[in-house]
Amino acid sequence: MVVDALVKANDYLQIASHIEHPSQYWKLDDTILKTIETAPDPELKESRDLILRVRRRDLYQFCNEYAVPRDKIEHFKDVTAHDIVCSQDYESDEKFSIPDDRISHLLPTSYQDMIVRVYSKKPHLVGAISDAFEIFQLKTYGIKAQVHATPEKKKRRI
């Protein structure tokens, strides 16, 4: 959420331009959040609102996650919101067991783990996004490779 706030503030505050100037870059610390919070500029309203949500612990809500299968890591393509949304109409009641080699890649034969996590900015969409993300996994990898499912309490949250 902080990254989203900074990205939204970048056009107005030119935060990214500091990267090329060490004399300015070292000044980019947590005070940038206070600067955004206290600035009255209407261009920073979205950023201010996000930072306020962080302060109030009204955070993006966890929807779901999966471990990318070991044989797919090398050619992994970033998952987009579009990928998940396009997966929401798929129907399946198929049940299956997760083999031991799909549980985690941190066993002695592998030293890399890639977890994709999806969060919802809108609490009322948690269930739909979680379901669509599971479908995306089925369409992309042929399995649901998730590490943890979304708790039912979170899916029903209004």
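The following exercises, each with a worked solution, concern a predicted model of one protein chain.

**Exercise 1. Overall make-up**

Task: State how many helices and strands the protein chain has, and in which order the elements run.

Solution. 
- Step 1. The chain has seven helices and two strands.
- Step 2. Starting at the N terminus, the order is α-α-α-α-β-α-β-α-α.
- Step 3. The chain has 158 residues, and 31% of them count as buried.
- Step 4. Among contacts with a separation of 6 or more, 73% join residues 24 or more positions apart.

**Exercise 2. The packing of H1 and H4**

Task: Determine how helix H1 and helix H4 are oriented to each other, and which residues meet.

Solution. 
- Step 1. Helix H1 covers residues 2–13 and helix H4 covers residues 45–55.
- Step 2. The two helices pack at an angle of about 165°, and their axes are 8 Å apart.
- Step 3. Angles over 145 degrees count as roughly antiparallel, and H1 and H4 are therefore roughly antiparallel to each other.
- Step 4. Their crossing is left-handed.
- Step 5. On the H1 side the contact consists of Val2, Asp4, Ala5, Lys8 and Ala9, which meet Glu46, Ser47, Leu50, Ile51 and Val54 of H4.
- Step 6. By residue class, the contact of H1 with H4 has six nonpolar residues, one polar and three charged.

**Exercise 3. The packing of H1 and H3**

Task: Carry out the analysis for H1 and H3, starting from the angle at which their axes cross.

Solution. 
- Step 1. The axes of H1 and H3 cross at roughly 65° and come within 11 Å.
- Step 2. This angle makes H1 roughly perpendicular to H3.
- Step 3. The crossing of H1 past H3 is left-handed.
- Step 4. H1 supplies Val2, Leu6, Ala9 and Leu13 to the contact, and H3 supplies Ile32, Leu33 and Ile36.
- Step 5. The contact of H1 with H3 divides into seven nonpolar residues, no polar and no charged.

**Exercise 4. Serine 47 and isoleucine 36**

Task: Locate serine 47 and isoleucine 36, decide whether each is buried or exposed, and list their contacts beyond four places in sequence.

Solution. 
- Step 1. Serine 47 is placed in helix H4.
- Step 2. Its relative accessible area is 1%; buried means under 20%, so serine 47 is buried.
- Step 3. Serine 47 touches Ala5, Lys8, Ala9 and Ile36, with residues up to four places away left out.
- Step 4. Isoleucine 36 belongs to helix H3, residues 31–38.
- Step 5. The relative accessibility of isoleucine 36 is 0%, so isoleucine 36 also counts as buried.
- Step 6. Beyond its neighbours within four places, isoleucine 36 is in contact with Leu6, Ala9, Leu13, Leu44, Ser47, Arg48 and Ile51.

**Exercise 5. Histidine 18**

Task: Find where histidine 18 lies, and explain why histidine 18 counts as buried.

Solution. 
- Step 1. Histidine 18 is in the loop between H1 and helix H2 (22–25).
- Step 2. Its relative accessibility is 19%; the limit for buried is under 20%, so histidine 18 counts as buried.
- Step 3. Apart from residues up to four places away, histidine 18 touches Leu13, Gln24, Tyr25 and Leu28.
- Step 4. Leucine 28 is 10 residues from histidine 18 along the chain, and their C-alpha atoms are separated by 8.0 Å.

**Exercise 6. Positive phi values**

Task: Give the phi, location and exposure of glutamine 14 and arginine 57, and the phi of glycine 142.

Solution. 
- Step 1. Most residues other than glycine have a negative phi.
- Step 2. Glutamine 14, not a glycine, has a positive phi of about 55°.
- Step 3. Glutamine 14 is in the loop between H1 and H2, and its 43% relative accessibility makes it partly exposed.
- Step 4. Arginine 57, also a residue other than glycine, has a positive phi near 65°.
- Step 5. Arginine 57 is in the loop between H4 and strand E1 (61–67), and at 60% relative accessibility arginine 57 counts as exposed.
- Step 6. Glycine 142 follows H6 and has a positive phi near 80°.

**Exercise 7. Helix H6**

Task: Compare the span of helix H6 with the expected span, and name buried residues in H6.

Solution. 
- Step 1. Helix H6 comprises 16 residues, 126–141.
- Step 2. From first C-alpha to last, H6 reaches 22 Å, close to the 22 Å expected at 1.5 Å a residue.
- Step 3. The buried residues of H6 include Val126, Phe133, Ile135, Phe136, Leu138 and Tyr141.
- Step 4. Glu134 and Gln137 of H6 are buried as well.

Notes:
Residues numbered from 1 in each chain as written. Predicted model: local features only at pLDDT ≥ 70, side-chain atom pairs only at ≥ 80, totals over all residues. Heavy atoms only, no water. Helix = DSSP H or I, 4+ residues; strand = E, 2+ residues; numbered from the N terminus. Expected span 1.5 Å × (residues − 1). Buried < 20%, exposed > 50% of the residue type's maximum accessible area, 1.4 Å probe, protein only. Axes fitted to C-alpha atoms, helices over the stretch in contact; angles between N-to-C directions. Parallel < 35°, antiparallel > 145°, perpendicular 65-115°, else oblique. Left-handed = near helix turned anticlockwise from the far one by under 90°. Contact = heavy atoms within 4.5 Å. Nonpolar A, V, L, I, M, F, W, Y, C, P; charged D, E, K, R; others polar.
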